[in-house]
Structures are given as structure tokens and as C-alpha cells.
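Hi there,

Here is the structure I promised to pass along. Have a look first, and my notes follow below.

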Amino acid sequence: MQKLGDFKLPQFFNYPPYFTYSPALSAVVAHALAHYFNVLHSEMNWVEDIPPQLNLLVSRPVRDTREKQVQLWKDFILDYCKTQHIFVIELEEEFPLFSNPVIERSLSHEARKAFLSALVTEGRAEWLDKGHRKCLILWHRIQDWADIILRFVKDNGLEDGVMTIEEIRSGIESRGTELHGIDRTILMRALKLLEHKGKLAIFKGTSTDDEGVKFSV
Amino acid sequence: MRRRPGIGGLQTAAAARDQYRLLGENVAKLRTDLMKEQLATFRSQLEEFARKHKNDIRKNPTFRAQFHEMCAKVGVDPLASNKGFWAELLGIGDFYYELGVQIVEICLATRSHNGGLINLQELCMLLRQKRKTDREAVSEDDCLRAISKLKILGSGFEVISVGKRKLVRSVPTELNKDHNEILELAQAQGYVTVDEVEGRLSWTSGRATDALDTLLDEGLAMIDDGHKDGKRRYWFPCVSSISSSVGADI
């Protein structure tokens, strides 16, 4: 089984068709439309998605194939990011998952965007920019991160304590926990969530290095 | 019998004919009786054999297949019902029933990948993986028998031959001759291109595209536009070798 570093790659990764965003329309319909619009059959790739009302233009197996492909890639991306502690994927940069040199296939830009968008729809990712070039991956949801922080606080007897943001991310106590090296944006969001619940107060210092938290758990 | 002229001679001939006919009937009856007796003896010997080798039949797939053949020769079907002598003696009715259920599960789980057509070898492999903890080994012959029982239940299962392979169909999709030819062509590399189909089978471009479109819409083919030569490839999961299959998390 192929590995990427220590990560065991799923079998679909070696099957070329999974690197082509599978069609949204039934082939027979696409062919008919191509005739109607007088374009080449092979140019009918512009159809990225079909609104549910037009599902009659899509055969059940075509829909199933598309759903299966999206699900496989979503799970793969989340799994990989979780084990490798990756928080941000940049669409324009090379990301090991998006290409398989062994079978000489790469996901197109549209495909990458489609799979990441699917993660966003499911609440497991967020676009960081309007142009949808950077994606924040929530392999733990913000709520889960909040729970992890609370556990961290209890484990270290910080119920009434104070800690800087940086210490939470990279201090000695964080070593060996999932908080170590956490993305700053995600951490701030989780902390703000806990602030809303009255579990802590965020205060600014003289610089971002001094930004800290007073816990009241 | 000496021929005698006149009426007396005619009567003798008639009597002779009757006697021959009776003899003939007796001989036929004798033959049938003999055969019935031989068959009965053979069947009881078969039962004795099954009793003695019950464990071998359960544990060894090759032995099991040969046993089935023997039974078929004398018109005995150990799987005909879940009750009765054979089922109780061997308990293999349950074995095939269980296999059938697992086969259905595997076909359902892989349907979104292969469109409801799976090659027998792969099915067997997935079955063995699924039954890892069970002591009884499973052969392709066992799979085929379990599937033939499924067929009787009217579950839409069918085994079709395409080229050198056997494919198990679990959906009502009807494949015509054109589709079969494409599947056979795809066995070489796991995929075909439109050019290949046209060239190797001497078809018009329309005929090739029509067939491939249908196979796509039935979920039996998947599109690959990623090759550097820019030619679209149609891959067929049902003929691919095991290493490139997507075994569902079953």
C-alpha cells in the first residue's frame, strides 16, 4: 500500500477516474444538449452542478458516482489534515493529496475547489478569502476545539489562571496535546466561543505576543 | 419354432409375437428395476459418504465442489431446502444462505463504485476479507452456488461471462452485445478510448459513443480526462484487477 510519509493512502487514490470530477449530467442528456447547442460532446464539461429540480437529467447511478467520489475525497482530506496537523490548504499551492505521480494524475482546479466547497458546506472547512483560494480545514470543529481547551485548562489546574495565546499554542503544557501548534485563527475562534459562554476573558497586551486569556472555568 | 402353413401356422405366429412382446416388456421392466435399485444403492452410499466426510465437506472448498458434482449426477440437491436429511446432516444450507446474505451486502456496498457489476474474483476476495474470522474457507464455486440460490429467490442476481471473466450482476441493467464487447475490450487495460472501440471493433463513432454513454449512465463506466495525451478514457471498475478496486468499508 502506497504511503505518503506515514499516512496510509486509500485505494481509490490509485484509480485514475477518481481524479476527474465525475459528470453532473447523464451522458445521454449531455450528448443531446451538445447537439442542441451545437458544441462538441466533449466540451460539455462546463456543467459543474445541477439544481435538485433538474435531477431528472441525471441518472441515479451518475448521481451515486458523483456523491461517492466527493465523499471519498472529503474523508481523505480531513483524515490527512488531522494526522499531519495541517490547518490550511492553499488551492494554488502543491498539496500532496491532489496529485498522484505514480498514476500521473492531478485534480483540476475545479475539482479541488469542488471537494473543498463540499467540506465547507458540511461545516468542516471555511474559505479564508473571497476568491476561495485559501481554505481553513476544521478536522475538529470549533466546538470540539473549545472542549479540548477546557480539558487542557482542567488538566493543568488553570481554572482561575492566566495564559498568553502563544503559551496555549506552544508552551510546555501544550506539548503532547492537540493544542500544540494549533492554527492561530482556529484557536481565536474557539476562545471567542468560550468567551461568549463566560468561561474566559480575552485581553490584549502591548503586542500580539502578549495577547492572553483569563480563565474562569 | 417351426413354420407351419395354414391357419394353424398363423395362430402360432400370433402366439409367438405375443410371447416376444411380453418378454420385451419384462426385460424393460427388469432394466428399470435394476436401475432404480442401483440408484437407490448409490444414493445410500452417497449419504454414507457425506456422513463420514462431513468435516471435509465443510472445511475444504475443493472437496465440497466435487461432492456437489457427485450429488448432481444422481439428482440430489443438498441445498434444495433448509430442512430434511441433507441440510441437517451437513448443515451446509445455512452456510450458503449466510454467504448469499454477505454477497448481497458486498454488492450493495460497492454499487456506487462499480454500478452493480462486480467481477467474481473480486467478490470472492471481498467475501474472504469480510469472513476473516470464520473457520470455513470460501471458493469461487461456493460463491456461484450461493448466487444461484439467490437467483431462485428472484433477487435479480445473475452471473454473466465477459471474455475470460465472470461478472456478478446485482442490478436489473440489461447489457446488450455492444456493451459486452466493450467490457471485453476493457479487460486488457481496465479502460477503453473511443478511438480504440471504433478501431478494434470497426464501429462508427456514433455507435461507440452511444454504447459508452449508456454504460456511463448505468454507472458501469467512469471517466478519466487526466491522461497527458488528452484522450478521454472510460474505466470499468468491474473488470479491473483487485489492486485498483475500491473495496468499500464493509
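Which residues of α1(A) meet α10(B), and which residues of α10(B) do they meet? Please keep in mind that this is a predicted model. On the chain A side they are A27(A), V28(A) and H31(A), and their partners in α10(B) are T209(B), D213(B), L216(B) and D217(B).

As for the geometry, α1(A) covers residues 27–37, and its axis lies 7 Å from that of α10(B), at an angle of about 135°. The two helices are therefore oblique to each other.

Now to the interface as a whole. Chain B brings 29 residues to the contact and chain A brings 22. Together the chains bury about 2,200 Å² between them, with carbon and sulfur atoms giving 55% of that area.

On the polar side, 9 residue pairs are in polar contact between the chains, counting pairs with both residues at pLDDT 80 or more. The side of chain B that touches chain A draws at least two residues from each of α5 (92–114), α10 (205–217), β5 (222–224) and β6 (233–235). Of these, α10(B) gives the most, with 4 residues. That side of chain B divides into 10 nonpolar, 11 polar and 8 charged residues.

There are also 2 salt bridges between the chains. One of them joins the side chains of E104(A) and K228(B), at 3.1 Å from N to O.

Conventions: Residues are numbered from 1 along each chain as its sequence is written. Chains are lettered from A and ligands numbered from 1 in the order in which they are written. This is a predicted model: local features need pLDDT of at least 70, side-chain atom pairs count only at pLDDT 80 or more; totals for chains, interfaces and linings use all residues. Side-chain values use heavy atoms; hydrogens and water are left out. Contact means heavy atoms within 4.5 Å. Buried area is the accessible area (1.4 Å probe) that two parts lose on being put together, summed over both. A salt bridge is a side-chain nitrogen of Lys or Arg within 4 Å of a carboxyl oxygen of Asp or Glu. A polar contact is a pair of N or O atoms within 3.5 Å; within protein, one must be able to donate a hydrogen and the other to accept it, and residues adjacent in sequence count only if both atoms are side-chain atoms. Ala, Val, Leu, Ile, Met, Phe, Trp, Tyr, Cys and Pro count as nonpolar, Asp, Glu, Lys and Arg as charged, and the others, Gly among them, as polar. Axes are lines fitted to C-alpha atoms, for helices over the stretch in contact, and angles run from 0 to 180 degrees between N-to-C directions. Angles under 35 degrees count as roughly parallel, over 145 as roughly antiparallel, 65 to 115 as roughly perpendicular and the rest as oblique.
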